[in-house]
Amino acid sequence: MMQLNCPWCGARDESEFQCGGTSHIARPDLSASDAAWGEYLFFRDNPKGVHYERWRHAFGCGQWFNVARHTVTHAVLAVYPISAAPPKVG
Amino acid sequence: MAGHRLSAPAGAFIERARTLPFTFNGTALEAFAGDTLASALLAHGVRIVGRSFKLHRPRGVWSCGAEEPSALVDVGGGARRTPNVRATLLPVAAGLSAVSVNCWPSVNFDLGALTGAFAGVLPAGFYYKTFKWPNWRLFEPAIRRMAGLGTAPRERDADRYEEVATAADVLVVGAGIAGLAAAVAAARGGARTFLLSAGTHLGGGLAWQADAQVHALEASAVQLGVRILRRTVAFGVYDHNLVCACESVSEEGGAALPAGVLRERLWRIRARAVIAATGAFERPVLFPDNDRPGVMLAGAALKYAGAYGVACGRRAVILANSDSAYLVARHLTRAGVKITALLESRAGARGEAPPGVPVLAAATITRVAGARGVRGCTVATAGRRVQLECDCILSAGGYAPAVHLHSQAGGKLRWVPESAMFVPDGAAAGLTSVGACAGVFAREAALAHAEGVGRALAHAEPPPAALTPVGAGSSALHGVVRGARGKQFVDLQNDVCATDVALAARENFRSVEHLKRYTTTGMGTDQGKTSNVNALILMGEYTQRGPAEVGTTRFRPPFIPVTLGAIAGRRTGALYRPLRRLPAHEWHAAHGALFETFGDWSRPAAYPLPGESVEAAARREALGVRQRAGLLDGSPLGKLEVYGPDAARFLDLMYVGTLSTLAIGQARYGLLLNENGTVVDDGVVARLGPEHFWVNTTTAAAERTAAAFEEWLQCEYTDFKVLVTPVTSRWANVTVAGPRAWAWLAAVGFDAALAPGAMPHMSLRESTLEGVPLRVLRASFSGELGYEVNLPAMHAPWLLARLWARAGELGATLYGIEALQILRVEKGYLHIGTDTDGTTLPQDVGFARALERKSAAFVGRRSLLRPAARDPQRLQLVGLASLDARTVLPVGGHIAPAPPPTLTHGHVTSSCLSPELGVPVALAMLRGGATRIGEVVSVYHRGQCFAAQVVKLPFVDPAGVRVHG
């Protein structure tokens with residue numbers, strides 16, 4: 001049960017949030033090939049290390065934000081706005 | 001009789017003035033207040049407390065704590081029966097009733113002991129090799145009956161459990177002297193400090209020794225406001241320093257406790273910093289038949305004497321693989337227990353024995369006499385054999401620091417060869433170890449270090465570095481006694497012997513994780529607290545590796561068994577899944593509603609008349625809607641208000657169906673897809689104003705649709721100016737349907753502007769009734785003239801009463817969900833999730849033409865262009881008519897060209913008897929269904945076969961004229 005720092009509400013238990021998967025994925029447009037569209041829908045990297053992902057404060061303010069989380073230690077390395085570029089983290 | 005009560009004043013925890021009656025296996029006995037069941041049984045000289053798991057060997061009390069593998073009992077009866085309770089931790093309460101487990105007919109005479117004769121064919125992993133021919137299932141029932149220990153209760157638990165979530169600056173786990181010192185230092189440093197003590201008395205290993213420093217620290221802790229939780233065991237460290245602990249609130253098994261008493265409290269403590277002061281377990285010495293009743297841990301014997309005033313025997317032999325053996329010898333001698341001999345197994349004598357106690361050098365036990373209780377033993381020492389008389393054998397094998405929480409927090413371990421133990425290798429993230437669990441057994445060093453850690457962490461500074469392990473003395477790596485016959489037990493609870501570890505090594509299960517699972521060592525309720533280290537040392541011996549190379553298995557929570565009650569807390573019964581109620585719930589109940597659970601909601605399934613079945617009621621209600629009028633409470637239907645300059649183009653992006661072209665007051669049906677093209681919801685969208693839309697979703701999708709809209713707006717279309725507001729619970733929905741629907745509304749006083757002539761089907765009007773604001777939508781899920789009257793939820797009972805007052809003269813009926821399903825199946829209207837699944841695309845349910853019209857992009861559009869999406873053999877929604885016009889087709893029945901096993905062509909999704917037509921009607925998804933109208937097919941279900949014909953939808957009112965009124 002992690003603790004996440006919602007940018008608006010502060011530190012809350014993980015159970016107040018819902019994870020929206022990997023962030024910063026560009027949606028291909030209608031002209032994409034079937035393979036490219038399938039990649040976008042079904043394939044994700046599974047890094048052992050820093051993962052940039054989206055979270056929503058579902059049982060709170062309802063806002064989306066980005067988190068840089070280490071997938072092994074669960075250390076939260078950065079929390080930043082949903083439209084911002086990912087910061088460089090160790 | 002070996003164990004006996006020592007005379008006063010021995011026993012710091014007991015109150016000799018208060019006696020408590022209890023029963024053990026039906027025998028009435030007495031204990032002092034403060035006794036545990038184990039100490040009380042020992043005081044009465046009870047030797048056999050249980051039978052071992054596999055071989056049913058008699059077992060007695062082994063330890064004095066959570067590490068107990070043998071003395072497990074079932075406590076209480078009926079709903080309060082608690083299985084597999086460790087007698088060493090169970091406080092005796094008046095009326096306590098405990099029974100031994102895993103034995104029949106009794107613990108003293110157990111037929112299960114016959115398995116001992118087969119021990120040769122029951123080594124580790126026997127079930128991978130035996131009981132296979134001719135069929136494992138012949139043996140499985142018998143083996144399952146024999147497996148397990150205690151008996152679980154069948155009745156519902158009537159007691160209460162609580163959960164508390166809190167935060168701490170510094171959380172100290174363990175109230176021994178190191179933990180006390182750390183907590184006091186942290187509190188002095190201004191930290192909000194919690195201190196958890198597994199026992200009732202603080203002080204850990206010094207708790208019964210009237211230690212002045214312990215008392216002073218305890219007083220300081222109280223005075224400084226340290227939050228002290230007694231009888232609270234931290235069982236897990238989770239992400240971001242969340243520590244979970246279980247507090248035992250009321251005593252086990254007290255017969256006088258009323259039902260509904262608070263039993264346990266689960267603490268969820270988010271700590272900025274955790275200090276582990278969890279102490280160390282004693283490591284036993286291996287020798288043949290080292291499981292006999294009377295063989296115990298030396299430290300346990302010390303605690304029984306000092307804390308409970310109980311001697312474990314009259315003549316003891318102490319195995320010294322640790323300096324603690326001499327301490328135990330001194331204390332027991334003072335208590336009046338004769339020490340027959342001290343067996344020193346380390347090279348060179350180490351300590352001073354009490355006068356009159358012989359110390360045998362290089363001594364190992366080669367034989368134990370007394371299968372039902374130790375009577376004596378044979379010792380090999382300095383080339384000769386000595387017979388010794390004794391009734392208990394105390395094992396001081398060394399220490400195993402309790403590194404569980406440190407390891408759960410991700411900390412690493414290192415091996416200390418001189419003391420033969422694993423200690424934390426540095427701190428874990430967020431967790432620092434102090435005292436014995438960090439390998440620091442020297443009092444002054446431990447105190448100083450613990451104080452430094454507490455002070456530093458209170459100021460959020462890095463704690464001082466870990467000390468090198470000190471004070472544990474030396475312990476040899478001892479393995480099995482060589483050249484001796486008899487089982488040398490490694491794990492008592494699961495009957496794992498040294499030969500089993502050797503077998504695992506021979507069969508190449510050399511990794512410590514394979515060793516654990518192949519032999520089941522460390523997998524019992526004690527989780528190997530006194531066996532894991534010995535097991536991996538042995539595995540190292542058999543494979544020429546050191547213990548550090550073999551390593552430890554992964555430490556996982558819970559550290560001790562935790563009841564399901566504590567984990568469930570208050571979330572049982574009605575609170576397990578709280579249901580939502582209609583705003584007019586009481587009104588429906590008063591009018592004969594039969595409530596059932598539909599998703600998250602409690603809703604009327606039907607309104608059966610006295611003596612009427614639900615099915616008959618549903619048919620009557622559906623017919624009433626078709627012939628006259630009916631009223632359904634549709635309040636759970638999802639409602640959203642979508643507002644803003646970009647609302648129109650946003651909805652066009654979300655829905656299949658163009659919504660931006662809606663005129664004010666006009667409504668349209670739309671499908672919602674996910675990015676994979678799957679139909680996830682449907683609903684009616686109406687325009688309230690130039691930048692204002694009223695969106696209906698299905699009941700089940702109300703929240704997730706709003707969430708999906710938010711996700712698109714916040715993450716993708718961030719420049720759109722749109723507000724999405726869920727208003728499902730703000731508006732009640734009273735649905736009136738049937739040929740007399742408008743007559744009914746008019747009779748109650750609805751505005752003539754809402755009449756069918758003035759307000760077309762699929763339109764929305766704002767209106768009022770006696771000052772109450774309304775949003776009236778002309779839409780229909782029944783196929784009849786229909787009005788969905790939305791009004792502020794608080795007024796729902798008022799409107800229902802108004803309408804019901806005029807129901808009689810119109811012949812109107814209330815109808816519930818069952819009737820609604822009949823009506824919509826008759827019309828072939830799909831129900832998302834019932835007729836559709838995760839593969840259903842819009843063209844599968846009749847939306848192909850809408851796709852072609854749509855030129856703009858919408859969610860899921862790209863997925864509809866894939867080859868699989870255009871396959872004409874896709875499953876498509878069709879109607880099915882039962883050929884004999886009588887049999888209701890089974891939902892889930894498969895349509896197939898031949899009897900199974902065969903490829904399916906689809907399945908029946910909805911099915912019922914149509915009251916209007918008098919014949920069964922069904923919906924199905926059929927491969928290439930659109931091109932197979934008229935075909936006769938077979939439906940297979942549970943060995944039966946039904947004949948049906950594929951028909952066009954709908955069944956009732958094919959021209960669709962009734963909705964227009």
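Analyst: Contact means heavy atoms within 4.5 Å. Before we start: this is a predicted model, where local features need pLDDT of at least 70, side-chain atom pairs count only at pLDDT 80 or more, and totals for chains, interfaces and linings use all residues. Residues are numbered from 1 along each chain, chains are lettered from A and ligands numbered from 1 in the order written, and side-chain values use heavy atoms, without hydrogens and water.

User: OK, which residues does A:N66 touch?

Analyst: Leaving aside residues up to four places away in sequence, A:N66 touches A:S23, A:H24, A:E53, A:R54, A:A78, A:V79, A:Y80, A:P81, A:I82, A:S83 and A:A84. A:N66 sits in strand 5 (residues 64–70) of chain A; a strand is a DSSP run of E with at least two residues, a helix one of H or I with at least four, both numbered from the N terminus.

User: Why does A:N66 count as buried?

Analyst: Buried means under 20% relative accessible area, exposed over 50%, partly exposed in between (1.4 Å probe, protein chains only). A:N66 has 0%, so it counts as buried.

User: What makes the link between the side chains of A:N66 and A:S23 a polar contact?

Analyst: A polar contact is a pair of N or O atoms within 3.5 Å, one able to donate a hydrogen and the other to accept it within protein; sequence neighbours count only through two side-chain atoms. These two side chains come to 2.6 Å, and they make that contact.

User: Over to chain B. Is B:L114 buried or exposed?

Analyst: Exposed, with a relative accessible area of 57%. You'll find B:L114 in the loop between strand 8 (96–100) and helix 2 (136–146) of chain B.

User: What makes the nonpolar surface patch with B:L114?

Analyst: B:W104, B:F109, B:L111 and B:L114 make it, and it covers about 490 Å². Patch residues have over 30% relative accessible area and no salt bridge; nonpolar side chains (Val, Leu, Ile, Met, Phe, Trp, Tyr) are joined within 5 Å, like charges within 9 Å. Areas come from the Shrake-Rupley method with a 1.4 Å probe, and for residues only the protein chains shown count as cover.

User: Why is A:D13 with B:R270 called a salt bridge?

Analyst: A salt bridge needs a side-chain nitrogen of Lys or Arg within 4 Å of a carboxyl oxygen of Asp or Glu. For A:D13 and B:R270, the closest N and O atoms are 2.6 Å apart, and they form one. The rule finds four across the interface of chain A and chain B.

User: How many residues are in contact there?

Analyst: 23 of chain A with 23 of chain B.
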